[in-house]
Amino acid sequence: MAAVTSCYRRVTAAALTLHHHQPAFLAVRLRLRLPRRPIPTNRAMSSSSAASVASPHQAGAWYVVPDLSLRDHRFAVPLDHSSSGSPSITVFAREVVAAGKEEAALPYLMYLQGGPGFESPRPTEASGWVKKACEEYRVVLLDQRGTGLSTPLTTSSLSQITPAAEQVEYLKHFRADNIVKDAEFIRLHLVPDAKPWTILGQSYGGFCAVTYLSFAPEGLKSVLLTGGLPPLGKPCTADDVYRACFKQVQLQNEKYYKRYPQDIQVIHEVVRYLSESEGGGVLLPSGGRLTPKMLQCLGLSGLGSGGGFERLHYLLERVWDPILVPGAKTNISYYFLKEFEMWLGFDQNPLYALLHESIYCEGSSSKWSADKIFSEYGNLFDPVKATEEGRAVYLTGEMVFPCFFDEIHALRPLKEAAHLLAEKEDWPPLYDISVLNNNKVPVAAAVYYEDMYVNFNIAKETASQIAGIRLWVTNEYMHSGLRDGGSHVFEHLMGLLKGKKPLF
């Protein structure tokens with residue numbers, strides 16, 4: 001069993017009582033095993049890949065932001081690490097040190113961003129966890145393949161690949177298994193003497209870190225996880241994840257409306273307006289459509305992160321245009337429609353929508369799991385029924401629905417590929433429970449008690465499968481703890497690794 005540190009923080013006066021009713025996730029041994037493969041080096045690259053760039057690693061010159069020095073790195077890695085003849089893609093990483101430490105002999109820490117499908121943060125100054133980490137590390141901010149400057153996959157770039165079945169064949173290489181192989185490729189080319197490094201994984205980045213622990217632990221000195229312990233033990237864990245997620249989302253809705261009861265009526269008015277509009281919705285600035293079900297997606301950002309309640313309430317304050325001329329028709333404001341699109345962000349980062357459910361799949365398909373579990377709740381999450389019955393309209397959380405590929409303009413060209421991905425069964429394994437049970441790498445993890453995205457009970461069950469892990473269980477932060485209190489979170493986890501925090 002894992003050694004567990006439970007540091008339950010006192011709830012501040014503004015916080016609500018904690019509730020959790022989810023059963024523990026039952027982990028069983030995976031049937032599939034991913035054989036360990038050597039990470040390709042420069043000599044192992046195919047001639048076609050090597051010809052595409054002058055070198056497998058290109059480093060830029062140092063440049064500065066306040067109190068930090070940064071350097072850009074580009075690596076030519078195989079699209080398919082298992083194929084010697086695979087074409088190469090570019091993977092980008094940004095090296096960050098405290099100003100004046102450019103030549104210092106510092107250990108390396110790689111950051112794995114949440115997602116899937118989002119690039120690493122862009123530092124503008126020394127602040128938060130980056131500032132704290134740079135006191136003793138050389139930080140590497142990885143743009144995971146397909147994001148940021150790492151051969152970004154957008155609606156426009158994916159349009160180069162046809163038909164949809166070929167898009168799926170390409171996209172299958174953009175999950176955690178290949179992200180880890182990219183990280184190992186980078187470590188071997190970047191770190192002096194290819195020494196093991198520390199990794200910090202936030203949310204989905206933590207899922208990638210557990211994949212790293214499963215298949216390349218020799219590359220790791222230590223691991224820090226923040227809200228990022230994945231479910232284990234089934235060919236597809238998506239149904240378990242969404243059943244737990246919907247219950248937590250329901251609790252977050254109840255807390256939101258307790259804080260802002262006036263917004264029950266505001267959302268009722270918006271739902272009526274949308275459902276009575278032609279086609280059951282209104283056009284968005286990009287050409288998509290806002291419907292009652294799409295409106296519920298505001299919960300993705302509004303219900304589960306620090307400051308989300310407040311930002312959601314202030315957004316709803318601006319939902320209507322003012323009436324400048326007596327008798328003029330009421331309209332939803334352009335401001336609100338534009339902000340709604342910016343809140344979702346799927347148009348700029350389509351990998352999130354395309355691959356989100358696949359991150360739970362190993363040898364099985366998700367079959368639009370979130371939509372299936374949504375239907376199990378009947379009228380509880382039906383926005384029109386709730387409005388008709390005078391109940392609060394429950395917003396949804398981290399769920400991707402098939403309707404996104406109809407209602408979000410930038411996703412429409414990817415609709416066929418999305419359906420094929422939902423039915424795809426031959427996903428390779430992402431974790432090796434037997435290796436995790438015998439883990440020797442020091443691991444410290446922040447587990448957030450009220451996490452809306454990574455269920456607390458599922459995270460605890462996974463932790464029990466990782467030998468030697470030390471947990472910090474807290475309700476002081478939500479899923480965004482690394483962003484909201486980065487310096488404190490990083491320092492606390494490092495304290496666990498270094499033995500400065502007691503086990504009990």
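Modeller: Helices (H or I, at least four residues) and strands (E, at least two) are DSSP runs, numbered from the N terminus. This is a predicted model, in which local features need pLDDT of at least 70, side-chain atom pairs count only at pLDDT 80 or more, and totals for chains, interfaces and linings use all residues. Residues are numbered from 1 along each chain as its sequence is written, and side-chain values use heavy atoms, with hydrogens and water left out.

Biologist: What is omega for the cis peptide bond that joins Thr162 and Pro163?

Modeller: Pro163 belongs to the loop between α3 (155–158) and α4 (164–171). The cis bond joining Thr162 to Pro163 has an omega of about -5 degrees.

Biologist: Is Asp193 buried or exposed?

Modeller: Asp193 lies in the loop between α5 (176–190) and β7 (197–202), and its phi is near 60 degrees, a positive value in a residue other than glycine. Buried means under 20% relative accessible area, exposed over 50%, and partly exposed in between (1.4 Å probe, protein chains only). With a relative accessible area of 70%, Asp193 is therefore exposed.

Biologist: What is the relative accessible area of Ser203?

Modeller: Ser203 sits in the loop between β7 and α6 (204–215), and although Ser203 is not a glycine, its phi is positive, at about 55 degrees. Ser203 counts as buried because its relative accessible area is 9%.
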